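Here are my notes on this structure, written as a colleague might jot them down for you. Keep the 3D view open and look up each residue as you read.

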Amino acid sequence: MTKDRKPLFSQHEHALEKAYEVCPECGSELAVKNSKAGAFLGCVSYPTCAYTRPVIEQEKFETQILVGSQCPECASELAVKQGRYGLFIGCTNFPECSHIEQEESEVFEDVHCPKCKKGHLAEKQSRYGKTFYACDNYPKCKFAVNHQPVSGSCEKCGFELLLSRTMAAGDILQCADKKCSHIHK
């Protein structure tokens, strides 16, 4: 026999052992059900009883007040809070004051938006933590690219933006127009 120290079941599978619980609303049995979002516990009396709960309970995050900080809008204290997209810093006087501290994003002053010609491209983070570059004139202009923008124009189609990409052959410049994608050498 091998001396594997790995557990036979993952934490998720251990949570499935709780499948024989009773529904707190109607007293029927709870069963493990699946959806596109993953497994959950649901009442077997559905649709009469619509009780559901996640298989793995999320840890509760206590709001932490930042002592000595002050909201620029209402002078209340700021606190670290947890929202649907993760942790953020916001005013403790919510909902009267909805101030949220934003991270400063890098704005490429020399790179103008090729779509609206008014804004500049700025570095942003998606809710999944991926970096992308979008026009700072949003929501009027919805232009965005996934790779770092470089000022210049394409020698093939004349599009006014190039992208800096790292490929197997090294760093290259590529046309930002999806129809062209010409690689500059």
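1. Start with the largest nonpolar core of this predicted model. Which residues make up the largest nonpolar core? There are eleven of them: Val 111, Cys 113, Leu 121, Tyr 133, Cys 135, Cys 141, Phe 143, Val 145, Leu 161, Leu 163 and Ala 176. Another core, of five residues, lies apart from it, and includes Leu 30, Cys 43, Cys 49 and Tyr 51.

2. Leaving aside neighbours within four places in sequence, Val 111 is in contact with Gly 119, His 120, Leu 121, Pro 149, Val 150, Ser 151 and Leu 161.

3. Now move to Gln 174, a residue of strand β13 (residues 170–175). Is Gln 174 buried or exposed? Gln 174 has a relative accessible area of 11% and is therefore buried, since buried means under 20%. Not counting residues up to four places away in sequence, Gln 174 touches Leu 161, Leu 162, Leu 163, Arg 165, Ser 181, His 182, Ile 183 and His 184.

4. The chain averages a pLDDT of 79, and 82% of the residues score at least 70. Where in the chain is confidence lowest? It is lowest in helix α1 (residues 11–15), with a mean of 51, whereas strand β10 (residues 144–145) has the highest, at 88. Where pLDDT is low, the predicted coordinates should not be read in detail.

5. Next, the charged pairs. Side chains of opposite charge can pair when their charged atoms come close. How many salt bridges does a search of the whole structure find? It finds two. In one, the side chains of Glu 21 and Arg 53 meet, at 3.2 Å from N to O. This pair links distant parts of the chain, 32 residues apart: Glu 21 is in the loop between α1 and β1 (30–35), and Arg 53 is in strand β3 (residues 52–54). Glu 21 is partly exposed, with a relative accessible area of 27%, while Arg 53 counts as buried at 18%.

6. Glu 160 forms a salt bridge with Lys 117, and here the closest N and O atoms are 3.4 Å apart. These partners also belong to distant parts of the chain, 43 residues apart. Look for Glu 160 in the loop between β11 (148–150) and β12 (162–167), and for Lys 117 in the loop between β7 (107–112) and β8 (120–125). Glu 160 is partly exposed, at a relative accessible area of 45%.

7. Turn to the sheets. Strands of a sheet pair through backbone hydrogen bonds, either parallel or antiparallel. Six bridges join β1 and β2, and the bridge partner of Ser 35 in β2 is Gly 38. Gly 38 lies in strand β2 (residues 38–43) and is partly exposed, at 27% relative accessibility. The C-alpha atoms of Gly 38 and Pro 54 are separated by 8.9 Å, although these residues are 16 residues apart along the chain.

8. An open sheet is also formed by three strands in the order β4-β5-β6, again with antiparallel pairing. Why is one side of β4 (64–66) and of β6 (86–91) left without a neighbour in the sheet? Both stand at the edges, each with a single partner strand, so one side of each has no neighbour there. Strand β5 (residues 78–83) runs antiparallel to β6, joined by six bridges, and Gly 83 has Gly 86 in β6 as its bridge partner.

9. Finally, look at β8 and strand β9 (residues 131–135), which pair in the antiparallel sense over five bridges. Gln 125 has Thr 131 in β9 as its bridge partner. The hairpin of β8 and β9 has five residues between the strands, and in it Gly 129 takes a positive phi near 90 degrees. β9 also pairs with β10, in the antiparallel sense over two bridges, and here Ala 134 stands opposite Ala 144 in β10.

Methods. Residues are numbered from 1 along each chain as its sequence is written. This is a predicted model: local features need pLDDT of at least 70, side-chain atom pairs count only at pLDDT 80 or more; totals for chains, interfaces and linings use all residues. Side-chain values use heavy atoms; hydrogens and water are left out. Helices (H or I, at least four residues) and strands (E, at least two) are DSSP runs, numbered from the N terminus. Buried means under 20% relative accessible area, exposed over 50%, partly exposed in between (1.4 Å probe, protein chains only). Contact means heavy atoms within 4.5 Å. A nonpolar core is a set of buried Ala, Val, Leu, Ile, Met, Phe, Trp, Tyr and Cys residues joined through side-chain atoms within 4.5 Å. pLDDT is the predictor's confidence in each residue, from 0 to 100. A salt bridge is a side-chain nitrogen of Lys or Arg within 4 Å of a carboxyl oxygen of Asp or Glu. Two strands pair if DSSP finds at least two bridges between them.
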